[in-house]
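Work through the exercises below with the model open beside you. Try each task before reading its solution.

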Amino acid sequence: MSKVKNMPVRGGRSEARERLLAAASRLFYTEGIRAVGVDRVMAEADVARGTFYRHFAGKDDLVRAYLEATDQRIRDGLAAAKEKAGSPTAFIETVARGIGEEICRAGFRGCPFINAAAEYPERNSAVQQAVLAYRERFHRVLQDAFRQVRVADSKRSADVMVALCDGAMVAAYLGDPQAARGTLVHGVAALLAGR
């Protein structure tokens, strides 16, 4: 009875769950979500099938957890950047520079959320919902910063910056990352200058 009572529940934290999530994150990002099966993730994480299913209902649940973990890392990074920036303008510039650095990193393969949305186009899927939730939160953070900068239309400015970020990530993956970074940073500077 005590063994059943102490078993981890789906979504709960454990070393095995963290290994599964780390393996899935690495494989999904580098090889694509649909290209990587659950068996491969389990093998990479050195976790048995029963343990996998104690933590995840199936692959879609694992994909959702991967996206949520990625979202949380980004939110943590944004919160740290906001704390260090000192002003809303500096925060917006820091976000642009941070994304610019990320897209120039070795192994950059595009935005994990755009990639996931391309692989799971069904609007009602858990994956699409996780992607949309991330994008809404990111937009809200930017809109709040632009509101504090006192731009004429903070929503529109956030829309433009999100589009610049999306475009830079795609351009960096398909072409010259340095040029994409320069375009992103220049575009955000122009957006701020045109308040």
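Helices (H or I, at least four residues) and strands (E, at least two) are DSSP runs, numbered from the N terminus. This is a predicted model, in which local features need pLDDT of at least 70, side-chain atom pairs count only at pLDDT 80 or more, and totals for chains, interfaces and linings use all residues. Residues are numbered from 1 along each chain as its sequence is written, and side-chain values use heavy atoms, with hydrogens and water left out.

**Exercise 1. The whole chain**

Give the order of the elements in the chain, then its overall extent and burial.

Step 1. Read from the N terminus: the order is α-α-α-α-α-α-α-α-α-α. The count is ten helices and zero strands.

Step 2. Take the principal axes. The C-alpha atoms fill a box of roughly 65 × 35 × 30 Å.

Step 3. Apply the burial classes: buried is under 20% relative accessible area, exposed over 50%, partly exposed in between (1.4 Å probe, protein chains only). Of the 195 residues in the chain, 42% are buried.

Step 4. Turn to contacts, meaning heavy atoms within 4.5 Å. Take those between residues at least 6 apart in sequence: 67% join residues at least 24 apart.

**Exercise 2. Helix α5 and its partners**

Classify the packing of α5 against α8, then against α6.

Step 1. Two packed helices are described by the angle between their axes and the distance between the axes. Axes are lines fitted to C-alpha atoms, for helices over the stretch in contact, and angles run from 0 to 180 degrees between N-to-C directions. Under 35 degrees counts as roughly parallel, over 145 as roughly antiparallel, 65 to 115 as roughly perpendicular, and the rest as oblique.

Step 2. Start with α8 (residues 126-149). Its axis and that of α5 come within 8 Å and cross at roughly 10 degrees. So α5 is roughly parallel to α8.

Step 3. List the contact. On the α5 side, the residues include V63, L67, D71 and I74; on the α8 side, they include A130, Y134, R137 and V141. Sort by class: Ala, Val, Leu, Ile, Met, Phe, Trp, Tyr, Cys and Pro are nonpolar, Asp, Glu, Lys and Arg charged, and the others, Gly among them, polar. The contact of α5 with α8 has eleven nonpolar, one polar and six charged residues.

Step 4. Move to α6. Helix α5 (residues 59-85) and helix α6 (residues 88-103) have axes 8 Å apart, at an angle of about 135 degrees. The pair is therefore oblique.

Step 5. Name the residues. L78, A81, K82 and A85 of α5 touch A90, F91, T94 and V95 of α6. The classes are six nonpolar, one polar and one charged.

**Exercise 3. Helix α6 against α9**

What is the angle between α6 and α9, and which residues make the contact?

Step 1. The angle is about 15 degrees, and the axes of α6 and helix α9 (residues 154-174) are 10 Å apart. The two helices are therefore roughly parallel.

Step 2. From α6 come I92, V95, A96, I99 and I103; from α9 come M161, C165, A168, M169 and A172. By class, that is ten nonpolar, no polar and no charged residues.

**Exercise 4. Positive phi**

Where do D46 and R150 lie, and what are their phi values?

Step 1. Recall the background. Most residues other than glycine have a negative phi.

Step 2. D46 has a phi near 55 degrees. D46 lies in the loop between α3 and α4 (49-55), and D46 is exposed at 65% relative accessibility.

Step 3. R150 has a phi of about 70 degrees. R150 is in the loop between α8 and α9, and R150 is exposed at 70% relative accessibility.
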